[in-house]
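Dear colleague,

Please find below the structure I promised to hand over. My findings follow directly after it.

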Amino acid sequence: MRQVTTVSELRKLIGQARQAGQRIGFVPTMGALHEGHASLIRAARRETDFVVVSIFVNPTQFGPNEDYQRYPRTPQADALLCQREGVDLIFAPTVEEMYPPGYCTWVEVTGLQDVLCGRSRPGHFRGVATVVLKLFHLVQPDIAYFGQKDAQQARIIRQLVRDLNVPVKIRVCPIVREPDGLAMSSRNAYLSPEQRRQATVLYRALCAAKELVEQGERHAERVRQHMVRLIEATPGAVLDYAEIMDPETLQPVREIQQPVLAALAVRIGPARLIDNMTLTPPGS
Ligand code: AMP
């Protein structure tokens, strides 16, 4: 496994892989790697010949009062996980390498970027779309792997690739969870033992919503309210949003007639956690 920090080293190694006719798989991450990331790497290994993982805590996707400074950084453990999972190349650039002085070009996926997490985190998806497009240009992957954990991000990347004719296939892999259902996240490290127990409310609320829909409830607002009540009944949990939406448009639905996406963002102490689940009405 190689690890590089500069664009020029990356370009050289990518050039060699392409020259050798290898298919390139790409997993963009912010590091503090866990089993969720490992599942994307395994999917890349199954489908491609040369697996590249980027590790970059992207400052432009954090708001001024967010957790950029304290975001967990675990480079040694990350390298071990990548080695164990058979990654070929880690790209871990500095901020200056990605955003040299005078940098001023931004990518926006209008509409999709303004709802859900985009409403609570203005500018977040502009930072995400910009860094992902830059990374696509640098790595030139055949297939890039994202997690359904960040459903809005995955939807935005699909749109970006379609709209700007980026020649990459996007794969979205299932959410990897802890045994008690909590979606794995680098931010779970912020939780105290008590907050960690409270954090299971996201999964419990989503499962309760799924069950209601499977029992025939079609009225989205009633399902949504049920999730809200469960979260509000949890000490220490502060709801950011609970939505039931069309997975394509990310717009709220009234009647659940087809599979919909239930999505939550909840603050538990110092962590803002997100999770989602597809709710499928019987017979659809
Ligand atoms: P991050 O390092 O948090 O920016 O995540 C990098 C990629 O890993 C994104 O595509 C995430 O959606 C994905 N990811 C993060 N957590 C999980 C998880 N629990 N299950 C599956 N994919 C995940």
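In this predicted model, the sulfur of Cys82 lies 15 Å from the closest cysteine sulfur, that of Cys173, which is too far for a bond. A disulfide would require the two sulfur atoms to be within 2.5 Å. A search of the whole structure accordingly finds zero disulfides. As to accessibility, Cys82 is buried, at 0% relative accessibility, whereas Cys104 is exposed, with a relative accessible area of 60%.

The sheet is open and has six strands in the order 1-4-3-2-5-6, paired in parallel. Strand 1 (2–4) and strand 6 (169–173) form its edges; each has a single partner strand, so one side of each is left without a neighbour in the sheet. On average, neighbouring strands are turned by 25° against each other, direction ignored. Strand 1 runs parallel to strand 4 (residues 89–91), and three bridges join the two. Within this pair, Val4 stands opposite Phe91.

Two helices may be noted with the sheet. Helix 6 (residues 124–139) lies across strand 2, strand 3 (50–55), strand 4, strand 5 (143–147) and strand 6, and runs at about 150° to strand 2. Helix 7 (residues 151–163) also packs on the sheet, where it touches strand 5 and strand 6; its direction makes about 170° with that of strand 6.

Finally, Gly21 is located in the loop between helix 1 (7–19) and strand 2 (24–29). Gly21 is exposed, at 57% relative accessibility. Between Gly21 and Phe50 there are 9.9 Å in space, C-alpha to C-alpha, although they are 29 residues apart in sequence.

With kind regards

Key. Residues are numbered from 1 along each chain as its sequence is written. This is a predicted model: local features need pLDDT of at least 70, side-chain atom pairs count only at pLDDT 80 or more; totals for chains, interfaces and linings use all residues. Side-chain values use heavy atoms; hydrogens and water are left out. Buried means under 20% relative accessible area, exposed over 50%, partly exposed in between (1.4 Å probe, protein chains only). Helices (H or I, at least four residues) and strands (E, at least two) are DSSP runs, numbered from the N terminus. Two strands pair if DSSP finds at least two bridges between them. Axes are lines fitted to C-alpha atoms, for helices over the stretch in contact, and angles run from 0 to 180 degrees between N-to-C directions. Contact means heavy atoms within 4.5 Å.
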